[in-house]
Amino acid sequence: MSNGYRTLMREGMWTNNVVFSQMLALCPLLAVTGTATNGLGMGLASTFVMVLSGFSVALFRNIITPEVRIPVFVLIIATLVTLVDMGMNAWLHDLHKVLGLFIPLIVTNCAILGRAESYASRNSVISSTFDGLMMGLGFTFALVTLGVVREIIGSGTLFANASLLLGDVFSFLELTLIQDYKGFLLMILPPGGFLALGFLLAGKRLLDRRIEDLSTATSSASLETNAVTN
Amino acid sequence: MTEESTPGYKNNVSYQALLLGGFALLSAVLLIFGNVSTKDVIQKMLLEDTRKSVNHVIPGNIHDNNLLEDKISIKYKNQEIMVYRAKLKNTVSAVAFQVSGQGYGGRILLILGVKADGNILGVRVLSHAETPGLGDKIEANRDPWIYSFNGLSLENTPMSDWAVKKDGGRFDQFSGATITPRAVVNAIKSGLLFFRENRDTLIKEDTAGKPATSKGKHKQSPAGEVS
């Protein structure tokens with residue numbers, strides 16, 4: 001059982017990451033990651049929706065027939081997103097001014113519908129909720145990583161306006177890394193998002209191959225030692 | 001999935017219809033609940049936004065009334081413009097209203113504070129979608145450019161000066177961005193023209209909060225009208 005959750009966790013965060021492996025949800029990804037804070041806010045909002053949609057789709061999975069499943073899933077997700085939008089506008093108003101434009105985009109985030117279809121509709125409530133959480137955190141991880149890269153290169157700051165999102169306690173996160181930096185406009189504009197994402201994807205592939213090489217090298221090395229000792 | 005074990009009634013069209021309808025009903029109930037519980041807070045937040053922006057362009061020491069409650073709506077060039085009036089001892093000392101211009105990345109929304117004598121008290125950008133690093137110098141916290149309008153009026157600045165330097169006016173453009181400051185200058189100019197044309201309506205005193213009989217061609221709405 002715990003092994004299953006560990007697999008879900010590894011899949012969500014790395015091997016089956018929404019962005020880095022499934023290549024889904026690129027539209028909101030590129031749109032909001034001009035700063036790390038915006039990425040974090042969007043990621044947390046999406047995670048919230050993913051957890052709830054995993055939970056509710058799994059809850060109703062036995063009464064939903066395959067013929068009408070897509071409209072029902074869309075209805076569930078759209079309702080959740082609208083609720084998050086209203087709640088955010090009321091209680092996180094300053095952040096809503098920044099992210100408000102992108103919240104409705106979560107509805108069209110194929111990652112959420114994709115998880116509802118491929119995981120939550122055929123697994124138990126608890127593991128679907130957990131899967132939603134892990135997929136959401138993986139998405140948040142991707143958003144924040146891309147946001148950090150673009151913000152540092154583009155504006156020379158890190159987590160600007162984080163206190164708007166997390167409260168004044170977290171204002172220590174707001175760093176100006178490069179003093180009197182004129183900024184590198186390209187990285188803040190959409191093309192910079194594509195460039196940074198491309199390099200991140202290449203980096204992940206490289207890392208994966210390294211790990212693979214390393215594991216095959218150790219296994220072949222152990223085979224050789226076996227052969228020698230035999 | 002487990003298609004063989006699906007009971008027969010699930011393949012019935014009316015089951016499918018009821019299922020979809022049921023979920024639609026459930027969603028509607030949830031959304032109504034959400035709307036009811038957030039509506040008032042959102043309204044309060046939006047009012048707070050307006051208050052903050054009005055306070056930016058009208059200093060506190062020139063009025064003793066509640067700016068947000070003393071507002072009139074005026075029709076100008078097919079647009080309803082909401083004007084907030086600052087009063088000191090029941091005399092209008094200044095007004096604030098929104099103007100907009102077409103920038104490089106879309107609409108630029110500004111709030112303009114004008115003293116009763118027609119001089120600009122202050123201008124602030126409320127929202128814009130200009131290029132970061134180039135056009136966003138119109139924001140007060142990025143560049144002091146927007147302060148260059150303070151104290152100007154149509155009377156002390158000739159009409160031909162209301163343009164960026166490239167167009168023969170007196171206002172700086174930014175290197176790499178001319179469209180943005182041009183849009184802002186034009187929006188402010190049209191705001192001042194609006195003020196001049198409606199000056200009588202705007203600064204007219206009204207007794208005990210009731211609108212005086214309208215003299216000008218523009219109909220005056222009672223204060224506090226829903227925008």
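A:Ala25 is buried, with 24 other C-beta atoms within 10 Å; a residue is termed buried if 20 or more other C-beta atoms, placed from the backbone, lie within 10 Å of its own, exposed if 12 or fewer, and partly exposed in between. The structure is a predicted model, in which local features need pLDDT of at least 70 and side-chain atom pairs count only at pLDDT 80 or more, whereas totals for chains, interfaces and linings use all residues. Residues are numbered from 1 along each chain as its sequence is written, and chains are lettered from A and ligands numbered from 1 in the order in which they are written.

A:Ala25 lies in the loop between H1 and H2 of chain A; helices (H or I, at least four residues) and strands (E, at least two) are DSSP runs, numbered from the N terminus. Although A:Ala25 is not a glycine, its phi is positive, at about 60°. The loop between helix H1 (2–15) and helix H2 (26–32) of chain A also holds A:Met23, a residue other than glycine whose phi is positive and near 55°. A:Met23 counts as partly exposed because it has 14 C-beta neighbours inside 10 Å. Most residues other than glycine have a negative phi.

Further along chain A, helix H3 (residues 36–59) packs against helix H4 (residues 69–91) at an angle of about 140°, with the axes 10 Å apart. The arrangement of H3(A) and H4(A) is therefore oblique, the term for angles that are not under 35 degrees (roughly parallel), over 145 (roughly antiparallel) or 65 to 115 (roughly perpendicular). Residues in contact, defined by C-beta atoms within 7 Å, include A:Phe48 and A:Leu52 in H3(A) and A:Ile77 and A:Val84 in H4(A). By class, this contact of H3(A) with H4(A) has twelve nonpolar, two polar and no charged residues, where Ala, Val, Leu, Ile, Met, Phe, Trp, Tyr, Cys and Pro count as nonpolar, Asp, Glu, Lys and Arg as charged, and the others, Gly among them, as polar.

In chain B, strand S3 (residues 91–102) runs antiparallel to strand S4 (residues 107–115), to which nine bridges join it; strands pair if DSSP finds at least two bridges between them. B:Ser100 has B:Leu109 in S4(B) as its bridge partner. Four residues separate S3(B) and S4(B) in a hairpin, and B:Gly106 in the turn has a positive phi of about 130°. Six bridges pair S4(B) with strand S5 (residues 120–127) of chain B, again in the antiparallel sense, and B:Ile111 stands opposite B:Arg124 in S5(B).

Key
Axes are lines fitted to C-alpha atoms, for helices over the stretch in contact, and angles run from 0 to 180 degrees between N-to-C directions. Two residues are in contact if their C-beta atoms, placed from the backbone, lie within 7 Å.
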